[in-house]
Amino acid sequence: MIDADTLSQASARVAGIVRETPVLSSPFLDEIAGRKVFVKAECLQHTGSFKYRGATNAVRSLSAEALARGVIAFSSGNHAQGVARAAAEAGAPAVIIMPKDAPKLKIDNTRSMGAEVVLYDRDTEDRMAIGTRIAKERGLSLIPPFDFEPTIAGQATCGVEFAEQLSALGVKQADVTVCCGGGGLTAGVALAFERDAPGLRVRPCEPEGFDDVARSLVSGQIEQNPRASGSICDAIITASPGTMTFPIMQRLCGPGVVVSDQECLNAMREAFLRLKLVAEPGGAAALAAALYHAEAFEGDAIGVLITGGNVDPEMFVRALSG
């Protein structure tokens with residue numbers, strides 16, 4: 001169970017290691033959204049993604065013996081880089097299972113941090129099965145990307161920071177859009193808000209065709225996505241919400257918001273032009289929701305989490321050329 005003490009322990013564990021990312025605003029974004037938009041730039045986090053928070057908390061929760069044996073994780077790239085860096089900083093070997101169609105930048109970055117990368121086909125192979133097998137064979141500690149208490153608690157530190165920053169800006173009642181895959185960040189931020197800022201409500205944001213969380217929140221049970229690829233938002237494509245994260249989201253989150261790939265590209269362009277931020281498609285989904293689905297929200301302010309900035313140059317050029 002992730003309670004207030006668990007969140008406090010995670011905050012203490014990552015203090016001085018993770019970067020406190022800034023909250024930015026722009027009158028141009030406010031005009032598009034029709035309200036004040038406050039953007040927390042987790043794309044400026046170490047490794048270019050919020051995933052470093054959960055990875056750091058999870059890795060540093062392990063015993064010395066477990067660290068010596070090493071860790072293993074599976075990821076399309078951001079969790080991969082987070083675990084690779086966190087493991088290297090803790091002196092632990094790391095094996096990362098990555099889809100072969102992940103952005104080349106993410107694969108190269110993960111290898112450059114010293115991790116062994118094992119590629120798989122996300123359409124025909126099961127990453128969990130691959131990771132579980134290798135972990136058993138080598139005695140490695142598996143660090144799941146979202147359905148894992150230390151990961152969720154580590155991601156919650158982002159919500160703890162954002163709640164403090166929004167309060168300092170006078171925002172205590174607002175929806176906060178969060179890019180959502182399996183729900184680790186979404187659930188963690190929602191738990192942080194429940195403890196520290198009950199006037200803030202998380203709104204999960206997903207790409208069209210991969211809106212398993214939005215559909216699950218409507219049906220009241222875990223829904224599956226019919227396919228495993230087909231969106232540029234690779235960072236937030238998962239088969240379904242986690243069995244640990246979904247009950248948290250069901251209890252604490254508002255309705256999901258679904259955005260198109262083109263809206264994510266447009267949001268990437270606006271983030272660069274107005275905030276000078278580089279966002280990847282999946283990391284821009286929350287900004288896309290705030291800017292282009294204004295009717296889904298109420299109030300005169302909205303919080304946005306840009307969750308990652310690890311984008312290949314070709315995709316970034318595509319966004320800027322739109």
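Biologist: Why does phenylalanine 272 count as partly exposed?
Modeller: Because its relative accessibility is 31%; partly exposed sits between buried, under 20%, and exposed, over 50%, with a 1.4 Å probe and protein chains only. This is a predicted model, where local features need pLDDT of at least 70, side-chain atom pairs need 80 or more, and totals for chains, interfaces and linings use all residues. Numbering runs from 1 along each chain as its sequence is written, and side-chain values use heavy atoms, without hydrogens or water.

Biologist: Which helix holds phenylalanine 272?
Modeller: Helix 12, residues 261-275 (a DSSP run of H or I, at least four residues; strands are E, at least two; both numbered from the N terminus).

Biologist: How many residues line the largest pocket?
Modeller: 48, each with an atom within 4 Å of a point. Arg127, Phe146, Ile237, Thr238 and Ala239 lie nearest its centre. Helix 5 (78-90), helix 7 (127-138) and helix 9 (184-196) are the elements giving two or more lining residues.

Biologist: And the second largest pocket, what's its volume?
Modeller: About 230 Å³. Of its 14 lining residues, Gln173, Ala174, Asp175, Arg201 and Glu298 are closest to the centre.

Biologist: Which strand gives the most to that lining?
Modeller: Strand 8, with 3 residues. Strand 8 spans 200-207, and strand 7 (174-179) also supplies at least two.

Technical notes. On a 1 Å grid over the protein atoms alone, a cavity is a set of points where a 1.4 Å probe fits but cannot get out, and a pocket is an open set with protein on both sides within 12 Å along at least five of seven lines; lining residues have an atom within 4 Å of a point. Grid points are joined across faces, edges and corners, and a volume is the space filled by probe spheres set on the points.
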